[in-house]
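Hi,

Here is the structure I promised to pass on to you. Have a look at it first, and then read my notes below.

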Amino acid sequence: MIVSDAINFSVGGMTCAACSARIEKILNRFEGVKATVNLASERVHIQLDGSAPPVNTIIDAVRKAGFTVDENSLILSLSGMTCAVCATRIEKILNRLPATRATVNFATEQAHIEFVPGVIEPENFVAAIEKAGYGAHPLQEEKPESLRTKREELWRKERNHFLLTAFFAIPFLVQMVSMFFSHAGMMPGWTQLLLATPVQFFCGGRFYKQAWNALRGGAANMDVLIVLGTSIAYFFSAVVVLFQLNQPLYFEASVSIITLISLGKLMEMRARRQTGAGLESLLQLQPQMAHVESNGAISDRPVADVSVGDIFLVRPGETVPVDGTVLDGTSEVDEAMLTGESVPVLKQKADQVFGGTMNTNGLLRVKATGVGANTALAHIVKMVEQAQGSKASVQRLADKVSGIFVPAIILVAATTFLVAWAITGSATWSLVSAVSVLVIACPCSLGLATPTAIMVGTGLGARAGILFRNADALEQAQKLTTLIVDKTGTLTKGKPTVSDVIPAVGIEQDALLSVASTLEAGSEHPLARAIVDYAVAKGIKSQSVNSFKAIPGKGVTGQIDGVSAFLGSPLFLKDNGFLETDSINSDLEQNGKTVVGVGKGEQFLGFIALSDTLRPDAVSTIQALKKAGISVIMLTGDNERTARVVAQQVGIDDYIAGILPANKADTVKKYRATGQCVGMVGDGINDAPALAAADVSFAIGAGADIARDTADIILMKNDLTSVLDAISLSHATLSKIRQNLFFAFIYNILGVPLAAFGLLSPIVAGAAMAMSSVSVVSNALLLNSWKPHPRP
C-alpha cells in the first residue's frame, strides 16, 4: 500500500556527496521509482508510479546500504475493543501500512507505533483504525485528576448500563428460581417477549454494533459469538410466542447471558483499573504549582509553565516540582518515590534534585534544569508506559490462538448443532447446545492473561526503583544462567580514595602529586577524580597540560612544560620504559588496592595507591545469586592480584582481570555463544557496549542519566540487591503469566466440549464466560503481594 505518489524521509549516516549519490543510484534501480537525495537536508524525495515496489522494500534498500532511516514513535488510545481478537485485528491493520511497526495492548487499550514520517503520518493510522470500526486518538499527557475523572465516568456508565439490564432481568431470575419448585411462577410468553426485547436490542445493542463493525472489516470477534448465541435464543423464542408453537421458551437464556456479560464487564473494568495503579501513583508525584522567583519576588506558577533556567523555592514538606540544581540551602530530600530508597539524601549547593521527590526539613533555592518531558520522573513514567505497552514473547502463542479463535468456535457450534440433531433428532436440544458453545467461548481471557500481569509487574518494579524497558526484559531476567558484573561502581561503591603515595627515591611527594593531578585534571574517571581531590586537599595546584591523550584501560599521557608525562598502570609505565617490571608494590595490590605509576621525561616519579570499599550488600547478593544457580563472573581493568583479592572478598570464583573496556562486550558474546542466558551489570554508560551485547543488562544507580542508559533494566537504588529484586520480580510475574495462560486455555479446552455435549446450559455458560476474564485479571492482581529483598 502506497499512501501517496510522493514520499520523502530523513536518512542518517551520509557523510559526503558520494553517499547521497549512492542512495540515489540504489533507489533509481527500482522500476517506477524516481529518487533525489539532498545531502544538506539529509532527506530523500521519491516519486512513485503504479509499477513501484512496496514502500517497505524501498526503505529496506536504504538500510541495507548501511544508512539509517529516521523514525518517530506514537501512542494511540483506542476505543471499541471488546476482546483480544479486536486487538489482534487492529495490530494486523496497522502493520499492513508502509514503514510501520505496531503493537496493540488489549489491557491498556493502546497502540504503540514506530513509523517513518514523510512516508506515513499519524492521521493515516487513525483513519485506518476508524475504518475498521474502532476509535483512536493520540494519547495526550493528562493529569492524574483528569484520568481519574474519566475512569470514574466510564465506571458510572458501565454500572448504569448493568443496572438497567438487571432491572429487566430480575423477573426472569425470579421465574428461574420458582421453576425449581413448580411451574406456577412461569410468566406468560407475551410478557417474556416484552421484557426480553429491550434487553436484547437496547441493553445488548452495543454487541450488535461491535459485531457488525468486526464483520464489516472482514473479521469476527467475541461480540459475534454473543450476538449469534443470544439472537438464536431470542428469535427462536419470539417465533414460538408469535406463532403460538408448542415449544419451550429461551428468553431467560438470552437475557441472563447479556446480564451476566454486562456484570462481567463491570467487574473486569474495576479489576483492570487496579492493574494501572503503579503508573498512576507515579503520575501523582509531581505537584501542580511551583514557587518561582522573578525580579526578587516569589509567585506561584503552574508547573507546566516553568522553564529551564527559572529559579524556584522548595519549602520544608513540599514536593520538588521539576529537576534542578541547588543554588542555596541545605536539606534532606526523600527520593523513595523515584529510587525506592527509604533513607533521605542530603542536598547542598550544586547537588541535583528531581521532580516528584519530597523536601523534608530545609529551604532550597533551585535552578530548573529539566522540565516537562525532560525530567527524571517523566522519563520513568514514559519507560513504564512503554514496558506496559510492549509484548512479551510468551504472548505470541495466545495472539495466534486469538486470531483463529472465533471462526473455529462458530465452526464447532455449527458442527455441534448438526451432529446433535442427527443423533438425538431434537432440534431444540441441539440448538441449546450450540448456543452454549457460542456463549462459553471467550478469547478475552487469552488476551488479558499476559498484559495484565506485565502491567502489575512493571508498576511494582517502578515503586521499588526497578525500571524495565520492555516486557521482554521482564521475561528474560528470570532465565539468567550467567551474570557478569563490573567491579568498580558495581561490586564496589565506585568512589575510590587515595590510600598511599609512594614517591621514588629523591622525588618529593608534592612533585609526584602535582604531575598526577595535572594529567588527571580533565578526566571524569573515578580514579582520576580521587587523585585530583586528594591533591587539592593537600593544597597542590595543577599545571597546564598539552597534547593530552587517554589510552582506555591503560593510562594517560601529556606534555607538561614541554616534557612528556605518563600516568597509568604499572604495566603501562613499564611499556613506556619507566619500570623494569610491573610487579613492584605487589603488597599494595594484594590488599585489593589499585596502583598507578607516574613518570615524567625519563624519570620515574613514584606510585599512588587507591582503595575502593565494597558495597555493603555485595557479599550477600553474590551468595544469593550463586544459591539460585546463577554463575557470577567479575570483569575489571585492574591487574590479576587486585582482582583476585576483590573476588575472594565477595565470593566470586571466576573473574577476568586487565580487561579493556572495548573487550567487555566480546566477553559477554563469548559466554552467550556457549548457549547461556547472560546478564551484565554495569554503570549504564561506561559499560554501554557490554550492556548492549547481553541478553539482559542492568544499570545500577542511573539517577538523572536514565535517558542515556542502554540497559534493559535500570536500578534506581544504588545497591546490588536490586539485581536480586529484578530477577525475583521477573520470576513472580512470569509465574502469574503462566498461571493466567493455563486458566485461559484450560477454561476454553474444557468448557467448549462440555457445552457441545449439552452438559452446560446457556445461562451457566454465559456466567462462566463472564467470569473467565475477571478471574485472569484478579489473579494478576495477586502479584501485588510481591516484596523486595530486605537490605543488609
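Valine 696 in strand S29 is the bridge partner of glycine 679. Strands here are DSSP runs of E with at least two residues, helices are runs of H or I with at least four, and both are numbered from the N terminus. Two strands count as paired if DSSP finds at least two bridges between them.

Before I go on, two notes on the source. This is a predicted model, in which local features need pLDDT of at least 70 and side-chain atom pairs count only at pLDDT 80 or more, while totals for chains, interfaces and linings use all residues. Residues are numbered from 1 along each chain as its sequence is written, and side-chain values use heavy atoms, with hydrogens and water left out.

Back to S29: three bridges join this strand to strand S30 (residues 713-715), again in parallel. One of the pairs there is isoleucine 700 with leucine 715 in S30. S29 covers residues 696-700, and five of its five residues are buried, where buried means under 20% relative accessible area, exposed over 50% and partly exposed in between (1.4 Å probe, protein chains only). In a regular strand, side chains alternate between the two faces of the sheet. In S29, Val696, Phe698 and Ile700 point one way, Ser697 and Ala699 point the other way, and all are buried.

There is also an open sheet of six strands, with antiparallel pairing and the order S20-S25-S24-S23-S22-S21. Strand S20 (497-503) and strand S21 (546-551) are at its edges; each has a single partner strand, so one side of each is left without a neighbour in the sheet. From one strand to the next, the twist averages 15° (axes are lines fitted to C-alpha atoms, for helices over the stretch in contact, and angles run from 0 to 180 degrees between N-to-C directions). Within this sheet, S23 and strand S24 (residues 594-600) run antiparallel and are joined by four bridges. Alanine 565 sits opposite lysine 600 in S24. The loop between strand S22 (555-560) and strand S23 (563-568) holds glycine 562, which counts as exposed at 62% relative accessibility.

Next, the helices. Helix H6 (residues 189-203) has 15 residues and spans 20 Å from first to last C-alpha, close to the 21 Å expected at 1.5 Å a residue; the expected span is 1.5 Å times one less than the number of residues. H6 has a kink of about 30° at alanine 196, shortly before proline 198. The bend at a residue is the angle between axes fitted to the seven residues ending there and the seven starting there. Among the buried residues of H6 are Leu193, Ala196 and Val199.

Finally, two threonines. Threonine 621 lies in helix H22 (residues 618-627) and is buried, with a relative accessible area of 1%. A polar atom of its side chain is 2.7 Å from the backbone oxygen of aspartate 617. Leaving out residues up to four places away in sequence, threonine 621 touches Leu720, Thr721 and Leu724 (contact means heavy atoms within 4.5 Å). Threonine 428, in helix H14 (residues 427-440), is buried at 15%.

Best wishes

Key. Polar contact = N/O pair within 3.5 Å; in protein donor to acceptor, adjacent residues only side chain to side chain.
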